[in-house]
Amino acid sequence: MDADKIKNKRKALKNSATKFVNNLDVSLDSETNVNHLEILYYQLIEKIDSLKIADNELLNVIEAKDIEKEVEQAESYMENLISYKCKISQRIASLTPPVVPPVVYNSTNVPTSITQAAIQEPKPAIKLPKLTVNKFYGDHKNWIEFRRKFENAIDKNSSLSKIEKLIYLKSLVSQRKLFPVLH
């Protein structure tokens, strides 16, 4: 498929997503049916996934000089859709009462929740720190560590699209230090 066809496909997907979000704007605060909100949530996820596929298809066929512009447009639009995904989740959470586990009695008649009675997986003896990828400022001494962390946390993450990986990369590399002439 050529770039123009993919751009037209993506434009149609964006128009559909925009109409969906506009309707969502009007009805989200007044909607009280959790089942309907869950349907809207999954419809939005489908629209996001379709746009990610179209964006990835487009990245494979456009010229290198156009990639940055396309990624910036896709990133901006995707951020908006993700914010609506969060709004729906928050609305569902506000309408859903908290789940309290039922209490059962063991042989000693001491109340125990069912969640405690279930077989629990062994917890690691050591709590590992969360993996963070520090920003790379161009110092060659830090390159290997940055690359290793980026590959493990982001590049090998199959749940991220190519565009999302590129967005992460751009946000973690200091462009002022690497390309001072451009800034």
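Guide: What follows is a conversation about a predicted model, in which each label is set against the rule behind it.

Visitor: What elements does the chain have, and what pattern does the chain follow along the sequence?

Guide: The chain has seven helices and two strands, and, read along the sequence, these follow the pattern α-α-α-β-β-α-α-α-α. Of the 183 residues of the chain, 27% count as buried. Among the contacts between residues at least 6 apart in sequence, 67% join residues at least 24 apart.

Visitor: How do you know that the span of helix α3 agrees with its number of residues?

Guide: Helix α3 runs over residues 64–95, which is 32 residues, and at 1.5 Å a residue the helix should span 46 Å. The C-alpha atoms at its ends are 47 Å apart, and therefore the two values agree.

Visitor: Why is E70 called buried?

Guide: The word buried is used under 20% relative accessible area, and E70 has a relative accessible area of 5%, so E70 is buried. This residue has its place in helix α3, where the buried residues also include V71, A74, Y77 and M78. Among the elements that cover the buried residues of α3 are α1, α2 and α6.

Visitor: What is E70 in contact with, leaving aside its neighbours within four places in sequence?

Guide: With those neighbours left aside, E70 is in contact with K7, R10, L58 and I62.

Visitor: What makes E46 exposed?

Guide: A residue counts as exposed over 50% relative accessible area, and E46, with a value of 51%, is therefore exposed.

Visitor: Why are helices α2 and α6 called roughly perpendicular to each other?

Guide: The axes of α2 (residues 34–61) and α6 (residues 162–172) come within 8 Å and cross at roughly 75 degrees. Angles of 65 to 115 degrees count as roughly perpendicular, and α2 and α6 are therefore described in that way. On the side of α2 the contact is made by K52, D55, N56, L59 and N60, and on the side of α6 by K162, I163 and E164. These residues divide into two nonpolar, two polar and four charged.

Visitor: Which residues of α6 are buried, and what covers them?

Guide: The buried residues of α6 are I163, E164, K165, I167 and L172, and what covers them includes α2, α3 and α5.

Visitor: How do you know that S161 is buried?

Guide: The relative accessible area of S161 is 10%, and because buried means under 20%, S161 is buried. S161 lies in the loop between α5 and α6, and, not counting residues up to four places away in sequence, S161 touches K52 and N56. S161 and I53 are 108 residues apart in sequence, yet they are 8.2 Å apart in space, C-alpha to C-alpha.

Visitor: How many aromatic pairs are there, and why is the pair of F136 and W143 called edge-to-face?

Guide: Two rings pair if their centres lie within 6.5 Å, and by this rule the count comes to five aromatic pairs. The rings of F136 and W143 have centres 5.2 Å apart and planes at 65 degrees; planes over 60 degrees apart count as edge-to-face, so this pair is edge-to-face. At 8% relative accessibility F136 counts as buried, whereas W143, at 37%, counts as partly exposed.

Visitor: What makes the pair of F146 and F150 stacked?

Guide: Here the ring centres are 6.0 Å apart and the planes stand at 25 degrees; planes under 30 degrees apart count as stacked, and the pair of F146 and F150 is therefore stacked. Both F146 and F150 are buried.

Visitor: Why are F146 and F150 separated by about one helical turn?

Guide: F146 and F150 are four residues apart in helix α5 (residues 143–155), and so about one helical turn separates them. An α-helix has 3.6 residues a turn, so residues three or four places apart point the same way. Taken together, F136, W143, F146 and F150 form one aromatic cluster.

Definitions and conventions:
Residues are numbered from 1 along each chain as its sequence is written. This is a predicted model: local features need pLDDT of at least 70, side-chain atom pairs count only at pLDDT 80 or more; totals for chains, interfaces and linings use all residues. Side-chain values use heavy atoms; hydrogens and water are left out. Axes are lines fitted to C-alpha atoms, for helices over the stretch in contact, and angles run from 0 to 180 degrees between N-to-C directions. Angles under 35 degrees count as roughly parallel, over 145 as roughly antiparallel, 65 to 115 as roughly perpendicular and the rest as oblique. Contact means heavy atoms within 4.5 Å. Ala, Val, Leu, Ile, Met, Phe, Trp, Tyr, Cys and Pro count as nonpolar, Asp, Glu, Lys and Arg as charged, and the others, Gly among them, as polar. The expected span of a helix is 1.5 Å times one less than its number of residues. Buried means under 20% relative accessible area, exposed over 50%, partly exposed in between (1.4 Å probe, protein chains only).
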